[in-house]
Every structure is written in structure tokens, then in C-alpha cells.
Amino acid sequence: MKLPGLLLLLTSALQLIAASPMPQPAAGGGTFVKTSDGVRLQYTQSGPAKGQQILFITGWRQAASEWRKQVDYFSSAGFRVTTYDMRGHGESEEPDFGYRISRFAADLDDLLAQLDLNKLTIVSHSMGCSVVWSWWDQFPESRRRIDKLVLDDQSAVMVRHPNWTDAQATQLAAIFTPDSLYALADDMAAQLPGLVRGFFSPSVSESDFQFVLSENRKMTDAHASALLIDHAFKDWRDVLPRITVKTLVIGGELSLFPPAGVQWVASQIPGAKEFTFTAAEKGSHFAFWENPDKFNSVVKNFITSR
């Protein structure tokens, strides 16, 4: 190839590389990816670079720092562990747009592509499960990246239909009526401490409660309210039977979601396994925090099983 042609080819290649979004260092010392609509999401990675890949996704208003007991355990056990703060959460950028599950699913797809995560286990908690379900529904071409899913304590439907009986609502763990959801969203600042305390068992320490509450308050009440309304009104029942990777569903006897509803989720996913933390095992919505040894053991056994 003549020199001018070679230079033209190299110039074109460099332009393509420059145009492609890549992970970048954040001003505060962390690392971020930029979403397709321009929002910076901070992420962390730890453990051996060639270790088995595992990604932890938080719930509504939670920060990636709340996975620290899992990050320490799994990175020390040889896994390559990734966490990230969703838009508006933790240390990520908080724009004034995009507080809907479909956008959060697109953000997840951006993260997977830019970090090139493959042969991956995703461990998602609470609203993080809804993000995964939305991602599975919208991005079928990306499913090849996933080896296994762990779905921690999320119902398929959160708002009960006015015509449902109490038994139907309990079976699905539909914990809100439309009126109660909007009442919570409209009074978020006053309601948040009680709501966060309800994530834990009665034995939670004050320091643990205050830490999680402070992480929740990194997100504005207005954005959190908009996201909660969008999240809670979603219905994922038609997505569950279409999940084709090995899946573990986790619930808890002390959770704000009645365990029957979480067990129902497991029954709808082909071949899914299910584990429910008992009250004695501190089976709250935050069992991963209150009983990390048990939680980590259950998850690791599932990931490493064939």
C-alpha cells in the first residue's frame, strides 16, 4: 500500500477510536462511563483482571458503596467484581432527565458494552432487578454477555390492580395501591427515614441505618419520586418466562415484599432456583447487608455450580 493510502487508513481508524465512548477517569479520582445520552456513571472494578466476572446492581436510591461486603468477599475469592452508581445515585452524575426504568436499562447496556463484560453473572437487588428485566426485554442482542442472573428481593408487580383480591395482591407481592404510591412520592422527604428503616430487620444498628440513609440522600427527592413511580407501575410478568439463563431468586421472610411474591417470580423463570432467608437469618430486604456471610455463600455456590 502506498504511503498516502496508509496514512489515510490510519487517520480513519484513529477517528473511529476517538468517536467511540470509552471508560474515563473522573475528576474525583473514580472512573466513569458515559451513557449514550451523555451522563457520567461512576463505576469500580476490583479483583483479578482475569477472574470470573460478576456485576452488582443496586436498588432504588441505593449507592454501589452498599455492596462493599460483597465486593470485599468476591474480589478476595478471585472474582472480577464490577459495581456502578446508576444515574442520579451515589457518585454518578445527576441530570434532570431520564428517571425511568427503560433509560436505566439503556445505561446498563452502555456500561456492559464499554467495559466489554462477558461470561457475566449479574447480581441485582430490588429495583436493580427491574432494570435487568427491562434490559433483557429491550436488548436481546446483548444477552450473549450473560452467564447467570441473581435476582434479589423484587416482585414482578408492585402496584395492585383495584380489582384484585387481597390473595391475588399477596401472591404477586404487589405492596402499593395507586393512592399509597403517590402519597409516598409526594411526601418523600418526610417518608424516607421510615421507608429506609423498613428495609432492615428490627436489630439493625443505628450506624448501619444512618449510613444507608445518608447514601439514599445523595439522590434528590424529586428525582427519586419520579423514578419510584415509574418503577412501581411496571409489570414484568411477561418477561420472566423469556429468561433463558440460569437464575437464582432470593427473598426474605422479613422483607417488605411478601416472600410468596418473590417465590412466584422464581416459579415463572424456566429452571430458576429459589432461596428465602428466614427471620432468624435476618431475612430483611437488606439481607445482603445484615447477613453477608450467608448471602455471599448462597450466591457463590450458585455461581460456581454447573
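# Close-up views of selected residues

View 1. Arg61 is buried, at 2% relative accessibility (buried means under 20% relative accessible area, exposed over 50%, and partly exposed in between, with a 1.4 Å probe and protein chains only). The model is a predicted one, in which local features need pLDDT of at least 70 and side-chain atom pairs count only at pLDDT 80 or more, while totals for chains, interfaces and linings use all residues. Residues are numbered from 1 along each chain as its sequence is written, and side-chain values use heavy atoms, with hydrogens and water left out. The side chain of Arg61 meets that of Asp221 in a salt bridge, N to O at 2.6 Å (a salt bridge is a side-chain nitrogen of Lys or Arg within 4 Å of a carboxyl oxygen of Asp or Glu). The pair links distant parts of the chain, 160 residues apart: Arg61 is in the loop between strand E4 (53–57) and helix H2 (68–76), and Asp221 is in helix H9 (residues 221–232). Helices (H or I, at least four residues) and strands (E, at least two) are DSSP runs, numbered from the N terminus. Asp221, at 28% relative accessibility, is partly exposed.

**View 2. Arg103 and Asp37.** The structure holds 15 salt bridges. One of them joins the side chains of Arg103 and Asp37, at 3.7 Å from N to O. Arg103 is buried at 15% relative accessibility, whereas Asp37 has a relative accessible area of 28% and is partly exposed. Side chains of opposite charge can pair when their charged atoms come close.

View 3. In the salt bridge between Arg87 and Asp107, the closest N and O atoms are 2.7 Å apart. Arg87 is in the loop between strand E5 (80–84) and H3, and Asp107 is in helix H3, so this pair ties together parts 20 residues apart in sequence. Both residues, Arg87 and Asp107, are buried. A network of salt bridges links Asp37, Arg87, Arg103, Asp107 and Asp110.

**View 4. Glu215 in helix H8.** Glu215 has its place in helix H8 (residues 206–216) and is buried, at 8% relative accessibility. Its side chain makes a polar contact of 2.6 Å with the side chain of Ser65. A polar contact is a pair of N or O atoms within 3.5 Å; within protein, one must be able to donate a hydrogen and the other to accept it, and residues adjacent in sequence count only if both atoms are side-chain atoms. Not counting residues up to four places away in sequence, Glu215 touches Arg61, Ala63, Ser65 and Glu66 (contact means heavy atoms within 4.5 Å).

**View 5. Ser214 in helix H8.** Ser214 is also placed in helix H8. Ser214 is partly exposed, at 36% relative accessibility. The side chain of Ser214 reaches the backbone oxygen of Phe211 at 2.6 Å. From C-alpha to C-alpha, Ser214 and Gly90 are 9.8 Å apart in space, and they are 124 residues apart in sequence.

**View 6. Ser124 in strand E6.** Ser124 lies in strand E6 (residues 120–125). Its relative accessible area is 0%, and Ser124 is therefore buried. Leaving aside neighbours within four places in sequence, the residues in contact with Ser124 are Ile57, Cys129, Val132, Val150, Leu151 and Asp152.
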